Protein chains: 2
Amino acid sequence: MDERTTGSRAAELRLSERVIPVPVSVSPEARAALALERPAVGPLPRLDDKAAWNAHILRVNTARAAAMRDPIMALPVRSALNTIGGVPVYIAEPEMIPADSRDKALLYFHAGALVLLGGECVGLFARLEAASTRCKVYAVDFRNPPDHPYPAALEDCLAVYRALLEIYDPEQIVVSGASGGGNLAAAVPLNARDLGLPLPAAIGLFTPEIDLTESGDTFQTNRDIDVVLTRGLPELNALYADGHDLAHPYLSPLFGDFTKGFPPTFIQSGTRDIFLSNSVRMHRVLRRAGVEAELHVGEAMPHGGFGNAPEDRELRISFLHFLAKFAGWAKP
Amino acid sequence: MDERTTGSRAAELRLSERVIPVPVSVSPEARAALALERPAVGPLPRLDDKAAWNAHILRVNTARAAAMRDPIMALPVRSALNTIGGVPVYIAEPEMIPADSRDKALLYFHAGALVLLGGECVGLFARLEAASTRCKVYAVDFRNPPDHPYPAALEDCLAVYRALLEIYDPEQIVVSGASGGGNLAAAVPLNARDLGLPLPAAIGLFTPEIDLTESGDTFQTNRDIDVVLTRGLPELNALYADGHDLAHPYLSPLFGDFTKGFPPTFIQSGTRDIFLSNSVRMHRVLRRAGVEAELHVGEAMPHGGFGNAPEDRELRISFLHFLAKFAGWAKP
C-alpha cells in the first residue's frame with residue numbers, strides 16, 4: 001500500500017508535534033491507570049556520589065512500600081523473611097494452593113532497574129506474586145548498587161537458586177521476574193547453564209530489562225509514550241554495571257546464546273512499553289534457538305502493565321496456562 | 001519505576017517534535033527497506049466518484065505488478081488462472097513440494113486494503129506464497145469496490161472455500177492473508193462457521209486489517225512511524241463497507257465471537273506496524289476464547305514487513321513451524 005505514503009524521506013524519521021489520544025480500546029481501569037499522575041522527581045545523583053544514591057534509593061523504596069503496603073498485607077498470604085544460601089529471601093505462601101501447584105516453587109526477582117525497590121518492597125512483591133500465581137514464592141532481596149554493583153545481584157540470585165535445588169527438583173522450580181528482575185530471571189538460568197547446573201521448568205519474563213545497552217527501536221518509538229518508564233535507564237544501568245560490559249549476556253541476556261538449551265519462556269510486554277523491543281527480540285532469539293517461547297503483548301499497555309486492570313489479570317492467567325502446560329502447575 | 005517520570009499529565013499525551021533514528025537492532029537489509037523512497041501520491045478520489053476510483057486502482061495495480069513481476073516470474077513455481085466456484089483463482093504450485101505438504105492447500109487472500117492489488121498482482125502473490133510455503137496455493141482474485149463493495153469479496157472467498165471443500169478435507173486446508181487479505185482470512189472462517197461449514201486446519205493472519213473502525217492504539221502511536229502505511233485507511237474502508245456497519249464481525253473480525261470454535265491461528269505484526277494493535281488484540285481475543293494462537297512481532301518492522309530481509313524470512317519459517325505443528329505440513 002505504498003500509494004498511501006507521500007514523497008521521499010531520509011532513513012531517520014522526523015515527526016512533528018502530536019497528540020496521542022486516550023486509547024478507546026482498553027478497559028476503563030486501564031484508561032484510569034494511563035491518566036494517573038506520576039510523582040515528579042529531581043535529577044538523579046552523580047554516578048560516583050554513593051551517599052546521594054543511597055539516600056535516593058531509600059526515599060524511593062520507602063515511598064513505594066508505603067504506597068503498596070495496606071492492600072497487599074490484606075491478601076490471604078502468609079509471608080516471612082528468611083535467609084537462603086546466605087541471602088535474604090521473602091517467602092510467601094497463599095492460604096489456598098491448588099493441588100498440582102503444592103510441590104512447586106516460584107523463584108522471583110523483583111523490579112526496580114536492578115537498583116531500586118529492595119527491602120520491604122520485596123516482601124510485598126512476594127505476597128502479590130503468591131496471591132496471583134497461587135504458589136509458594138521465594139523473592140530474593142538481592143544486593144544493589146551503589147555499594148554492591150554487578151555481579152552482586154546475579155551472585156545472590158544464583159546462590160538462592162542453588163539452595164532451592166537442594167530442596168526441590170529443578171522441574172519443580174519456575175523462575176520469573178519483572179523489569180530489572182526480568183534481567184535476572186534470564187541471566188540466572190544462563191549463568192546456571194554455563195556452570196552445569198540443571199535448569200528450571202520454565203521462565204517468566206515480564207516487560208523485561210534484558211538489554212542494558214538499550215539498542216531496541218522502542219526505546220525511541222515509545223519514548224514519552226510509555227507513561228510509566230518514559231525513557232530508558234542509562235544512568236541506573238551504568239550504576240549497576242560498574243564498568244562491566246553492558247552487552248555481556250549476564251548483564252544483557254538478550255545477547256546470550258540460547259542454542260545450548262533454555263527452559264520454555266513466557267514473555268510479556270505492551271504496545272506502549274519502552275521494553276517492547278526487548279520482549280519481541282527475546283522471543284525471536286529464543287524461537288531461533290528452538291526454545292519454546294510465547295509472546296504476549298497488552299494493547300496500549302505501558303511498562304509494568306496497568307496495575308490491576310482486567311488486562312493485567314488476563315495476562316497473569318495466560319502465564320498460569322503456560323505454567324500448566326510446561327511446568328505441571330495447576331490450571332487457572 | 002514511577003520515579004523516572006516527571007510531573008503530572010493529562011490523560012492524552014502531547015509529544016513534541018522528535019527524530020526517530022534508524023534502528024540499529026535490525027539487519028542491513030531491513031534498514032535499507034526502511035530507508036526506501038515511497039512513491040508520492042495525490043489525494044484519493046471522492047467516495048462517490050467510481051470512475052476516478054477505478055482509474056486510481058488500475059494505476060496502482062499496474063505499477064505494483066510491473067514492480068514485482070520479473071523476480072517473481074523467475075521463481076521455480078508453475079501458476080495458472082482458473083475459475084473455482086465461479087470466481088477467478090490463481091493456482092500456484094512450487095516445483096518441489098515436501099512429502100508432508102503434498103496433499104495440503106493454502107487458500108490465500110491478497111493484500112490491498114480490500115480494494116487494491118487485484119488482477120495480475122494476485123497471480124504474483126500466489127507464486128510468492130507458493131515459493132515461501134512450499135505448498136499448492138489458491139489465491140482468490142476477489143471482486144473489489146467501487147463496483148463491488150462488501151460483501152462481494154467475502155462472498156467470492158467463501159465460494160472458493162466451499163469449492164475447495166469438495167476437493168480437500170477441511171484439515172488439509174490452511175487459510176491465510178496479509179493486510180486486507182488478513183481481514184478475509186479471519187472473516188471467511190467466521191462466516192463459514194456461522195453457516196455450519198467445517199473449519200480449516202489453521203489460519204495465518206499477517207499484519208491483518210481486522211478492525212476497519214481503526215480503534216486500536218497503534219493507529220495513533222505508530223502514525224507516521226510505520227513507513228509503509230503511515231496512517232490508517234478510513235477512505236478505503238468506507239469504500240469497501242458501502243454503508244455497512246464497519247464494526248460488524250464480517251467487516252471487522254476482531255469483534256467476532258471466537259468462543260464457538262476457531263482454528264489455531266498464527267498472527268504476525270511488527271513494532272512499527274500501524275496494525276500492531278489489531279494483531280495483539282486479536283491474539284488476546286483468541287486466547288480468551290481458548291483458541292490456540294501464536295503472536296509473532298518483528299523488531300522495528302512496519303506494515304507488511306521489510307520485504308525480503310532475514311527478519312521476514314525468519315517469520316515465514318515460524319509460520320511453517322506453526323503449520324507443521326497444527327496442520328501436519330512438512331517441517332521447514
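This is a predicted model: local features need pLDDT of at least 70, side-chain atom pairs count only at pLDDT 80 or more; totals for chains, interfaces and linings use all residues.
The sulfur of B:Cys157 lies 16 Å from the closest cysteine sulfur, that of B:Cys121, which is too far for a bond. The cut-off for calling one is that the two sulfur atoms are within 2.5 Å. A search of the whole structure finds zero disulfides over all chains. In chain A, A:Cys157 is in no disulfide, and the nearest cysteine sulfur, which belongs to A:Cys121, is 16 Å away.

Is Cys157 buried or exposed in chain A? A:Cys157 has 0% relative accessibility and therefore counts as buried. In chain B, B:Cys157 is also at 0% relative accessibility, so it counts as buried.

Let us turn to the helix around this cysteine. A:Cys157 is one of the buried residues of α4(A), and among the others are A:Ala153, A:Leu154, A:Val160, A:Tyr161 and A:Leu164. An α-helix has 3.6 residues a turn, so residues three or four places apart point the same way. How far apart should the ends of helix α4 of chain A be? Helix α4 covers residues 152-167 of chain A, and at 1.5 Å a residue its 16 residues should span 22 Å. The end C-alpha atoms are 23 Å apart, which agrees with that expectation.

I now move to chain B and its strand β10. This strand comprises residues 293-298, and six of the six are buried, so β10 is largely enclosed by the rest of the structure. B:Ala293, B:Leu295 and B:Val297 point one way from the strand, while B:Glu294, B:His296 and B:Gly298 point the other way. Strand β9 of chain B, residues 265-270, runs parallel to β10(B) and is joined to it by six bridges. In one of these pairings, the bridge partner of B:Phe266 is B:Glu294 in β10(B). Between the two strands, the chain passes through helix α8 of chain B, residues 276-288, and this β-α-β crossover is right-handed.

Finally, consider the two chains together. The same surface serves both copies, since 99% of the contact residues of chain A recur in chain B.

Key. Residues are numbered from 1 along each chain as its sequence is written. Chains are lettered from A and ligands numbered from 1 in the order in which they are written. Side-chain values use heavy atoms; hydrogens and water are left out. Helices (H or I, at least four residues) and strands (E, at least two) are DSSP runs, numbered from the N terminus. The expected span of a helix is 1.5 Å times one less than its number of residues. Buried means under 20% relative accessible area, exposed over 50%, partly exposed in between (1.4 Å probe, protein chains only). Two strands pair if DSSP finds at least two bridges between them. A crossover is right-handed if, with the strands pointing away from the viewer, the path from the first strand over the helix to the second runs clockwise. Contact means heavy atoms within 4.5 Å.
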